[in-house]
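Subject: A structure for you to explore

Hi,

Here is the structure I promised to pass on. Please open it and have a look around before you read my notes below.

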Amino acid sequence: MSSLSIEPITSSSDEKHFIKFPWQIYRDEPFWVPPLLMDRRKLMDRRKNPFYRHAEAEFFLARRDGTIVGRIGAIVNHHHNREHNDRVGFFGFFESINDEAVSDSLFRTAKAWLKSRGMTAMRGPASPSVNDEYGLLVDGFDKPPVVLMPYNPRYYADLIESAGLRKIKDLYAYRVEDKKVFSGKLARIVETLYKREGLKFRTLDMKNFKREVETIKELYNRAWQYNWGAVPMTNEEFDAMAKDLKPVVVPGLVIIAEFQGEPVGFALSLPDLNIALRHNRSGRLLPGLYCLYRYKKQIRQVRIIVLGVIPERLKTGAGGMLFYETARRAVELGYPAGEAGWVLEDNVMMNRAAEMMNADRYKTYRIYETPL
C-alpha cells in the first residue's frame with residue numbers, strides 16, 4: 001500500500017525540490033514559460049524578501065513512497081488582515097499531479113496551519129500575495145502566459161473545487177491590438193476628454209529614477225486603496241520591486257498622468273519577456289540572458305501590469321486615457337499588441353475602458369475561498 005506524506009520544507013535540499021517540482025508537472029506543456037530559478041528563490045526567501053517582514057509562511061511538499069507529487073504554501077499576510085479587518089489566510093505555490101488524494105491532503109495541511117494561527121478563511125492562489133502571481137487560470141489555456149502572469153493545467157480547478165474551495169472573484173485579461181484600437185470613434189472620444197479634463201501625460205524620467213519611484217509608489221497605494229483585496233506595498237517592498245524592474249523597464253511604457261502639474265495616475269507596462277524566456281527550459285540565469293538576447297526582436301507585445309488613477313480623478317476618464325496613451329506609445333515603440341490585466345470582474349470603469357479600446361477578453365483567472 002502506498003504511503004502519502006505532507007511535510008514542511010526544512011532544508012536547502014527540500015527548497016530545491018519545491019522550486020523544481022513544476023518542471024515535472026509542465027515538462028510536456030508547450031505553453032508553460034519556466035520561471036527563473038533565482039526569482040523563485042528570491043520570492044520564497046523568508047529572510048530577505050521584505051514581504052515576510054509583515055507576513056509568515058510555511059511551504060509543504062507531498063511525497064508518495066518518497067517521490068514528490070505536490071506542493072503548497074500557506075501564508076498569513078498580517079498587512080492584508082489589518083487593512084481589511086480580516087482573518088484570512090492564503091494558499092499559493094500550488095502544484096500537484098492529477099490526484100485528488102494528493103491535492104486534498106495538501107489543502108487540508110494548509111488549512112490546518114492557517115487555522116492554528118487564528119485564520120477563519122483560506123483564499124488563493126496568491127504566490128505569495130495580491131502584488132505577486134495571483135489567481136488560477138480557468139480560461140485561455142491555448143496561449144502562453146505573458147510576463148509575471150501564472151499558468152497552470154486545466155485540472156487544477158477541479159482539484160481545488162474538490163477540496164471544498166469556491167469562486168470568490170474572477171480576474172480578466174484583455175488582448176489589445178493596434179488594428180482594432182485606433183478607430184475614428186475612439187479618437188473623437190479621447191480628443192473630447194483631453195480638452196475637457198486638461199490632463200497631461202509624460203513618461204518615466206530615468207535620470208531621476210529614485211524620485212519617480214516615490215511618485216509612483218504614492219500613486220499606487222492611493223489608487224488601489226479601495227480595490228477588493230488590495231494591500232498597499234511597504235516602502236521596502238516597492239523599492240525591491242523597482243530594483244528588479246529597472247533593468248528591463250522601457251521608460252516610454254511608464255506613463256504618468258498629471259492634472260495642473262500634480263500626478264493623478266500612472267500606467268506601467270513591460271515588454272513581454274516571456275516570448276524570449278519560454279525558450280529557456282532550464283530556468284537558469286545565463287541561458288535566460290542568452291534567450292533574451294537571441295529572441296529580443298520577437299518581443300512585439302507588452303503587458304500593461306498596473307494602471308490606476310487616484311480616487312478623486314476616477315470619474316474624469318483618466319483611466320481610459322492612460323489606456324489609450326499606453327497603446328499609442330507602445331505602437332510607436334514597436335509593440336503592436338499587448339495584454340491588459342488583470343482586471344477585477346466587477347471593476348466597471350476599467351472593463352468599460354477595455355471595451356472602448358475594442359480589446360478582447362481572452363483569459364480569466366479565478367480566486368477561490370473556503371471557511372476554516
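First, some ground rules. This is a predicted model, in which local features need pLDDT of at least 70 and side-chain atom pairs count only at pLDDT 80 or more, while totals for chains, interfaces and linings use all residues. Residues are numbered from 1 along each chain as its sequence is written, and side-chain values use heavy atoms, with hydrogens and water left out.

**Cavities**

On a 1 Å grid over the protein atoms alone, a cavity is a set of points where a 1.4 Å probe fits but cannot get out, and lining residues have an atom within 4 Å of a point. Grid points are joined across faces, edges and corners, and a volume is the space filled by probe spheres set on the points. By this rule there are 3 cavities of 30 Å³ or more.

The largest cavity has a volume of about 120 Å³. It is lined by 17 residues, and the closest to its centre are Val176, Ala327, Ala330, Ala337 and Gly338. Which element gives the most to this lining? That is α13, with 5 residues. (Helices are DSSP runs of H or I with at least four residues, strands are runs of E with at least two, and both are numbered from the N terminus.) By class, the lining has 12 nonpolar, 2 polar and 3 charged residues. Here Ala, Val, Leu, Ile, Met, Phe, Trp, Tyr, Cys and Pro count as nonpolar, Asp, Glu, Lys and Arg as charged, and the others, Gly among them, as polar.

**A pocket**

A pocket is an open set with protein on both sides within 12 Å along at least five of seven lines.

**Backbone features**

Look for two cis peptide bonds. One joins glycine 124 and proline 125, with omega about 0°; proline 125 is in the loop between β5 and β6. Another joins glycine 341 and tryptophan 342, with omega about 10°, and tryptophan 342 is in strand β14.

Leucine 148 has a positive phi, near 65°, and is in the loop between β8 and α6. Its relative accessibility is 45%, so leucine 148 counts as partly exposed (between buried, under 20% relative accessible area, and exposed, over 50%, with a 1.4 Å probe and protein chains only).

Enjoy exploring!
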